[in-house]
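Work through the exercises below with the sequence and the model open. Each task is followed by a solution in steps.

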Amino acid sequence: MSAALQGKQILLGITGGIASYKSAILARRLIDAGADVRVIMTQGAQAFITPLTFQALTGNPVHTDLLDPAAEAAMGHIELARWADYVLIAPATANVMARLANGLADDLLTTCCLATEAPLAIAPAMNRLMWSNPATQANLATLVSRGASIIGPGAGEQACGEVGEGRMSEPEAIRDALAAAITTTPNNSNELQGKSFVITAGPTEEAIDPVRFISNRSSGKMGFALATAAQAMGAEVTLIAGPVALDTPPHVKRIDVKTADDMLDATLNAVKNADVFISVAAVADYKVAKFSSEKIKKTDDELTLELVRNPDILKTVASLKARPFCVGFAAETQNLEKNAQGKLNAKKLDMIAANQVGQANNPVFGSDTNSLSVYWGKNKEQIAPAAKLDVARQLLKLIAKQIN
Ligand SMILES: Cc1cc2nc3c(=O)[nH]c(=O)nc-3n(C[C@H](O)[C@H](O)[C@H](O)COP(=O)(O)O)c2cc1C
């Protein structure tokens with residue numbers, strides 16, 4: 001989990017969408033990450049979920065009324081607006097986006113948004129047609145042009161029974177995107193502006209027969225953290241993901257693949273115009289020589305599988321004539337520095353980020369934290385153990401220095 005939210009004062013606005021039930025979990029996740037959370041609910045939101053839920057979760061009274069003398073005397077709209085380090089609206093209805101885009105101040109939430117200097121992040125949630133409506137898209141563009149961070153929405157099955165874009169991002173993804181926005185906003189939000197990144201993440205899956213495959217323990221979290229942070233720092237990001245159970249980071253183009261061969265094809269296609277390629281995926285080194293189209297039957301005999309080498313995606317990209325800045329990842333169980341430097345030179349990389357794996361105190365795979373030793377040319381820099389999102393941001397800053 002990122003340390004970026006530690007001690008931050010987050011004003012959480014909840015509006016009248018069905019996804020507001022997920023905001024209770026979001027409030028919990030923000031508090032777990034160390035944030036101080038105060039909640040404003042619109043009248044619409046209160047039709048879906050009660051203020052009492054959020055009062056119990058945050059330990060603070062929930063703010064609902066603008067023109068209520070008692071509420072205004074306790075903590076008025078200007079005090080709330082001043083208190084906030086960050087305003088997060090989740091879910092954000094089409095209605096609140098329209099009101100914000102037009103500068104309306106007709107309830108407590110929109111009035112606070114006008115009266116605050118805190119950055120605004122919104123997590124839209126609505127029916128797919130409401131989302132794609134030109135009016136909503138124009139409001140979105142206005143909010144983006146004023147600097148709002150937009151988290152999601154994702155695509156998939158919707159509460160209304162339709163399938164499409166407009167689902168609110170999951171609470172954990174909203175927490176992480178907010179943390180990334182906070183860590184990158186203050187002084188360097190645009191360090192990667194105009195740069196295009198291709199990042200591979202997760203394991204690959206090499207089929208043996210229709211029901212079995214060879215894979216590894218990579219969770220994809222480090223690659224997804226890099227994609228989230230790079231996007232928040234202004235880059236255009238294509239994320240090529242093996243089979244993982246992770247939400248797509250906001251505004252990142254995701255291409256799902258299974259095998260190393262598929263990942264190579266997708267990567268070669270994507271890196272054509274890229275400035276930076278970061279290979280984080282744990283690509284299977286081997287695949288079976290002969291895929292069995294029928295399920296292999298169990299017998300009393302031993303079974304030997306013949307394995308052949310998979311393509312080396314990073315080496316292939318690094319040997320292209322017009323190649324992007326190439327960054328490799330090396331997970332090593334021993335001789336970290338020697339092996340990492342060896343790969344840096346053998347594959348002619350621009351930079352390599354190495355981590356020690358396989359130790360009881362540093363499982364890395366599946367974990368939310370990481371630490372890295374980064375090597376480029378004759379240089380070396382250590383990134384201390386931290387949330388993968390923070391580690392990602394630090395690595396991207398090193399990359400930014402090299403490419404800018
Ligand atoms: C059952 C139901 C579900 C709704 N879900 C959404 C939604 O997910 N997103 C949205 O933009 N509006 C949704 N609406 C419409 C909003 O509630 C309506 O536009 C309301 O005025 C929003 O007010 P607010 O933005 O001040 O909270 C829904 C309405 C109903 C009756």
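**Exercise 1.** Determine the handedness of the crossing of α1 and α3, and state how the two helices are oriented to each other.

Solution. The model is a predicted one.
Step 1: the crossing of α1 and α3 is right-handed.
Step 2: the axes of α1 (residues 20-32) and α3 (residues 51-58) come within 10 Å and cross at roughly 15°.
Step 3: angles under 35 degrees count as roughly parallel, and α1 and α3 are therefore roughly parallel to each other.
Step 4: α1 contributes A24, A27, R28 and I31 to the contact, and α3 contributes T53, F54, L57 and T58.
Step 5: sorted by class, this contact of α1 with α3 has five nonpolar, two polar and one charged residues.

**Exercise 2.** Describe how α11 and α15 pack, and list the residues through which they touch.

Solution. 
Step 1: helix α11 spans residues 221-232 and helix α15 spans residues 388-403; their axes come within 8 Å and cross at roughly 60°.
Step 2: the crossing of α11 with α15 is right-handed.
Step 3: on α11 the contact uses K221, M222, A225, L226, T228, A229 and A230, and on α15 it uses K388, L389, A392, R393 and L396.
Step 4: the residues of this contact divide into eight nonpolar, one polar and three charged.

**Exercise 3.** Which residues around the ligand come nearest, and which helix gives the most to the shell?

Solution. 
Step 1: 15 residues lie around the ligand, and T15, G16, G17, G44 and T93 come nearest.
Step 2: α2 (43-46) and α6 (94-101) each supply at least two residues of the shell.
Step 3: α6 gives the most, with three residues.
Step 4: the shell has eight nonpolar and seven polar residues, and no charged ones.

**Exercise 4.** Locate the two domains and characterise the side of domain 1 that touches domain 2.

Solution. 
Step 1: domain 1 covers 9-185 and domain 2 covers 190-403.
Step 2: taken over C-alpha atoms, the centres of domain 1 and domain 2 are 34 Å apart.
Step 3: domain 1 puts 14 residues into the contact and domain 2 puts in 11 residues.
Step 4: helix α10 (residues 171-188) gives the most to the side of domain 1 that touches domain 2, with eight residues.
Step 5: by class, that side of domain 1 has seven nonpolar, five polar and two charged residues.

How values were computed
Residues are numbered from 1 along each chain as its sequence is written. This is a predicted model: local features need pLDDT of at least 70, side-chain atom pairs count only at pLDDT 80 or more; totals for chains, interfaces and linings use all residues. Domain bounds come from an automatic or database domain assignment. Two residues are in contact if their C-beta atoms, placed from the backbone, lie within 7 Å. Helices (H or I, at least four residues) and strands (E, at least two) are DSSP runs, numbered from the N terminus. Ala, Val, Leu, Ile, Met, Phe, Trp, Tyr, Cys and Pro count as nonpolar, Asp, Glu, Lys and Arg as charged, and the others, Gly among them, as polar. A residue is near a molecule or strand if its C-beta atom, placed from the backbone, lies within 6 Å of it. Axes are lines fitted to C-alpha atoms, for helices over the stretch in contact, and angles run from 0 to 180 degrees between N-to-C directions. A crossing is left-handed if the near helix is turned anticlockwise from the far one by less than a right angle, and right-handed if clockwise. Angles under 35 degrees count as roughly parallel, over 145 as roughly antiparallel, 65 to 115 as roughly perpendicular and the rest as oblique.
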